[in-house]
Amino acid sequence: MKKKLVVLTGAGMSVESGLSTFRDSGGLWDRYPVEDVATPEGWEKNPALVQEFYNKRRKELLTVKPNDGHRGLAALEKDYDVTIITQNVDNLHERAGSTKIIHLHGELTKVRSVKNESRIYELSPDHYEIAPDETDAYGDRLRPHIVWFGEAVPMIEPAIDITEQADIFVVIGTSLNVYPAAGLLRYVRPQVPIYLIDPKEVKVPVNRPVHVIQKGASEGVAELIRLLHQ
Ligand code: APR
């Protein structure tokens, strides 16, 4: 049986593809006030602005491609049972070929009914922009399929389950500022090795040894693969 390799990724995973992080200087939350575009209150106040923000993100996503980091993780499926738990709302892990992906914070390429959260719709590259008052066939308004600050994170349950089963746990490109995602580290079993790939120093919210690979995602994943194959 293949070992279970669980990878938690954040915005840094997609930097080398050309997408910004949130909290680095010049990051998204510097350019757009988070309370305006990523909270239920922001949506109440100005849904047009929120739709415009996510339409821009979708347009940007059409122009970028997976990087060697995403591809390296997809290639690891040959030797490991890999699950990616991502905080990213882009689809670059999918496009790189990873097959088991848990999106903790939703997906840019989807929208859903504001009334019935199980009615989720996949957008296509030729219809990726949502008008502020766009509705579904039931007449319900559509909202981005994104977990905003202050909202529940339904995918945390499957993410905890798989984290508890991990034989190897890897963290890539996340500042570990946002919960419950950062709290997943607490569910990694005691003897399981934890690797952390990030060009900057990241404060880890658990008191145990971590193998730090202080590099960007592409080089870092290449190094991880070397270490795992040793
Ligand atoms: N390779 C890997 N990591 C990188 C790279 C790179 N080339 N460049 C920057 N990073 C790292 C940064 O050093 C930082 O530690 O990526 C991390 C990005 O951190 P954040 O901007 O805080 O992003 P993230 O942790 O994913 O944010 C979590 O917060 O705003 C919300 O919902 C949003 O999912 C997001 C969540």
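This is a predicted model: local features need pLDDT of at least 70, side-chain atom pairs count only at pLDDT 80 or more; totals for chains, interfaces and linings use all residues.
Visitor: Which residues come nearest to the ligand?
Guide: Glu16, Trp29, Thr174, Ser175 and Asp198 come nearest, out of 23 residues around the ligand.

Visitor: And by class, what is in that shell?
Guide: The shell has nine nonpolar residues, nine polar ones and five charged ones.

Visitor: Which domains does the shell draw on?
Guide: Domain 1 (1–18 + 67–105 + 153–230) and domain 2 (20–63 + 109–146) each supply at least three residues.

Visitor: What does serine 175 do there, in terms of distance?
Guide: One of its polar side-chain atoms lies 2.5 Å from an oxygen atom of the ligand.

Visitor: What about the backbone of alanine 11 and of glutamine 87?
Guide: For alanine 11, a backbone N or O atom lies 2.8 Å from a ligand oxygen. For glutamine 87, a polar backbone atom is 3.1 Å from an oxygen atom of the ligand.

Visitor: How much of the ligand does the protein bury?
Guide: The protein buries 93% of the 740 Å² that the ligand exposes when taken alone.

Visitor: Changing topic. Where is leucine 176?
Guide: Leucine 176 lies in the loop between E7 and E8. Its phi is positive, about 55 degrees, although leucine 176 is not a glycine. Most residues other than glycine have a negative phi.

Visitor: Is leucine 176 buried or exposed?
Guide: Leucine 176 counts as buried, because its relative accessibility is 7% and the cut-off for buried is under 20%.

Visitor: Which residues does the cis peptide bond join?
Guide: Tyrosine 179 and proline 180, with omega about 10 degrees. Proline 180 is in the loop between strand E7 (168–172) and strand E8 (194–197). Most peptide bonds are trans.

Terms used. Residues are numbered from 1 along each chain as its sequence is written. Side-chain values use heavy atoms; hydrogens and water are left out. Helices (H or I, at least four residues) and strands (E, at least two) are DSSP runs, numbered from the N terminus. Buried means under 20% relative accessible area, exposed over 50%, partly exposed in between (1.4 Å probe, protein chains only). A residue is near a molecule or strand if one of its heavy atoms lies within 4 Å of it. A polar contact is a pair of N or O atoms within 3.5 Å; within protein, one must be able to donate a hydrogen and the other to accept it, and residues adjacent in sequence count only if both atoms are side-chain atoms. Accessible areas come from the Shrake-Rupley method with a 1.4 Å probe; for residues, only the protein chains shown count as cover. Ala, Val, Leu, Ile, Met, Phe, Trp, Tyr, Cys and Pro count as nonpolar, Asp, Glu, Lys and Arg as charged, and the others, Gly among them, as polar. Domain bounds come from an automatic or database domain assignment.
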